[in-house]
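Hi,

Here is the structure I promised to pass on. My notes on it follow below.

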Amino acid sequence: MSPEPPDPWSRLEQELHPLRQELVTHPVYAMVGNLASLRVFMASHVFAVWDFMSLLKTLQRRLTCVEVPWLPSADPLAARLINEIVLGEETDEITPHRYMSHFDLYLEAMGEVGADTRPLEQFLARLRKGLSFEQALTQLPIPDSARRFVHDTLFMCGGPTLEVAAAFLLGREDLVPALFRSLIGELERSGMRCASFRLYLDRHVHLDEEMHAPLARKLLTNLCGEDPENWARATAAARAALSSRRALWDGVVAAFRGPCRLVNHDLHHPSPPPAIQTQAETRARGGSWASGRTKLTGRGLRRS
């Protein structure tokens with residue numbers, strides 16, 4: 001009797017395992033061994049902390065109702081799962097009776113170690129003025145790798161819900177505990193005093209591993225169902241998210257080894273980042289983005 005084929009989830013994990021292992025064993029963690037390198041790391045990573053919330057809010061907008069007049073969700077279980085994650089990420093009780101988002105906790109940690117928050121603050125100020133994220137990213141003194149990572153994430157937010165969920169789960173919630181354990185180990189070896197950053201890492205390892213990743217996994221499994229095409233699309237989206245993270249880490253390593261390559265793109269004619277491709281190119285590599293190009297401004301998503 002031939003063995004039963006692996007279930008869809010196991011097959012997805014098998015396909016992504018090599019890329020995931022590259023991230024778990026990436027050299028970036030061992031290089032965060034002193035205060036100067038930690039500042040360089042955080043100056044890029046903060047953009048990943050910020051754009052994580054755009055993935056999460058995309059799912060919340062699509063799977064729950066955040067509009068007025070309110071309408072009941074078509075999928076109450078999905079709404080419950082995503083709202084549970086939002087609660088922890090946006091208003092976590094980080095210490096007794098002290099509530100804040102993980103993004104704000106990260107900014108606090110940056111201030112504690114003297115990392116530069118000005119590029120991120122400038123970026124947010126531009127979004128509040130209504131600029132598109134492409135415009136807001138131009139002329140910021142940040143590495144190209146951080147700029148491309150944000151482009152990749154927000155481009156993903158314009159894709160089908162199933163693919164957004166796959167990028168969210170497999171590129172973030174399921175991955176982060178393993179990545180952050182490596183950082184925690186290096187911080188302990190170095191003896192650096194960075195209480196807020198350590199709190200941020202510890203909270204993510206605890207919440208993501210024990211609560212958020214299982215919730216997101218259930219959500220993705222429900223979205224994919226038994227359709228092999230759905231699982232193939234989820235795998236392609238997750239692979240793109242993991243590849244984008246690897247490029248971000250590679251950029252941080254490059255910044256450790258020499259001056260960051262900072263590019264001031266023209267505000268009116270920004271060059272498209274390599275990861276943003278035409279629909280035909282995207283389909284050729286296994287993706288299936290929604291038709292039409294999605295733009296994200298400080299006021300939200302719109303299609304053109």
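Helix 2 (residues 35–63) and helix 7 (residues 144–156) are roughly parallel to each other, because their packing angle is about 5 degrees and angles under 35 degrees count as roughly parallel. Their axes are 9 Å apart; axes are lines fitted to C-alpha atoms over the stretch in contact, and angles run from 0 to 180 degrees between N-to-C directions. Helices are DSSP runs (H or I, at least four residues), strands likewise (E, at least two), numbered from the N terminus.

This is a predicted model, where local features need pLDDT of at least 70, side-chain atom pairs count only at pLDDT 80 or more, and totals for chains, interfaces and linings use all residues. Residues are numbered from 1 along each chain as its sequence is written, and side-chain values use heavy atoms, with hydrogens and water left out.

In the contact (heavy atoms within 4.5 Å), helix 2 brings Ser 44, Phe 47, Ala 48, Trp 50, Asp 51, Ser 54 and Leu 55, while helix 7 brings Ala 146, Phe 149, Val 150, Thr 153, Leu 154 and Met 156.

Now some backbone details for you. Val 68 and Pro 69 are joined by a cis peptide bond, with omega about 5 degrees, and Pro 69 lies in the loop between helix 2 and helix 3 (76–90).

His 97, not a glycine, has a positive phi of about 65 degrees. His 97 sits in the loop between strand 1 (92–95) and strand 2 (98–100). With 70% relative accessibility, His 97 counts as exposed (over 50% relative accessible area, 1.4 Å probe, protein chains only; buried is under 20%, partly exposed in between).

Gln 139, also not a glycine, has a positive phi of about 65 degrees and lies in the loop between helix 6 (133–137) and helix 7. At 42%, Gln 139 counts as partly exposed.

Best wishes

Notes: Angles under 35 degrees count as roughly parallel, over 145 as roughly antiparallel, 65 to 115 as roughly perpendicular and the rest as oblique.
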